[in-house]
Amino acid sequence: MRAALALAVLAAGLLPVPAVAQQAPGTTPGARATVARLNEAILSLMREAAGREPARARLQRFLPVMLDTFDLEAALRVAAAPYFDQSAEPEKRQALDAFARRSAAQYVDRFDSYDGQRLEIVGERPAPRGMLLVDTDLVRAGKTPVRLSYLLRPEGDRWRILDVLAKGTVSQLATQRSEFQNTLRGGGLAALTRDLNSNADRILGGA
């Protein structure tokens, strides 16, 4: 197993494994549809940034897509383990809202220009525990494509994104887990919520 995927898969062991809907051999339309919707939203972010649309307006349009395509609660349960599961429901909800806002703000910040780029789904691969990797290339004129690999887990009859491997190797979930631990040890889930909201505010220019 590739090292970059190991932590995400191991951490996903903290989560129940849902039943996987039957798909035609060699293709998983539901997973590809999830990634295709996210890809289109990312391209919209880039075009809107090129049109000088304010960051907060772009975030408001992108956030519903992120909430629908990502399993943010599962990701936060892994990244903030064991503090998330040990917290009361109101604290969990506040942390999840902050995590969603910070995550969406990061996409607004990263995809902030447009020069004809394309996002192309180039394949899919099985992953442990019934999950699936869907590979996407960010294609740029005159440059080497950037690979983004999405790790999806089944949820009933649909698929949602648990992790993103940048350049096909760097696990976003592993990075978040490492990033959050000092804050969680120092102040628990409430401290993480404050940090996530503050970070989102900084990304959005304090607006």
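Which residues line the second largest pocket? The close-ups below start there. This is a predicted model, in which local features need pLDDT of at least 70, side-chain atom pairs count only at pLDDT 80 or more, and totals for chains, interfaces and linings use all residues. Residues are numbered from 1 along each chain as its sequence is written, and side-chain values use heavy atoms, with hydrogens and water left out.

**View 1. The second largest pocket holds about 170 Å³ of space.** Its lining is Leu63, Leu67, Phe70, Asp71, Leu72, Glu73, Arg93, Leu96, Asp97, Ala100, Arg101 and Arg160. A pocket here is an open set of points on a 1 Å grid over the protein atoms alone, where a 1.4 Å probe fits, with protein on both sides within 12 Å along at least five of seven lines; lining residues have an atom within 4 Å of a point. The volume is the space filled by probe spheres set on the points, which are joined across faces, edges and corners. Helix α6 gives the largest share of this lining, 5 residues.

**View 2. The largest pocket holds about 440 Å³ of space.** Of its 22 lining residues, Arg110, Phe111, Leu148, Val164 and Ala166 lie nearest the centre. Elements that each supply at least two lining residues include α2 (29–50), β3 (146–155) and α7 (172–203); helices (H or I, at least four residues) and strands (E, at least two) are DSSP runs, numbered from the N terminus.

**View 3. Helix α3 has a kink of about 30 degrees at Phe62, shortly before the proline Pro64.** The bend is the angle between axes fitted to the seven residues ending at a residue and the seven starting there.
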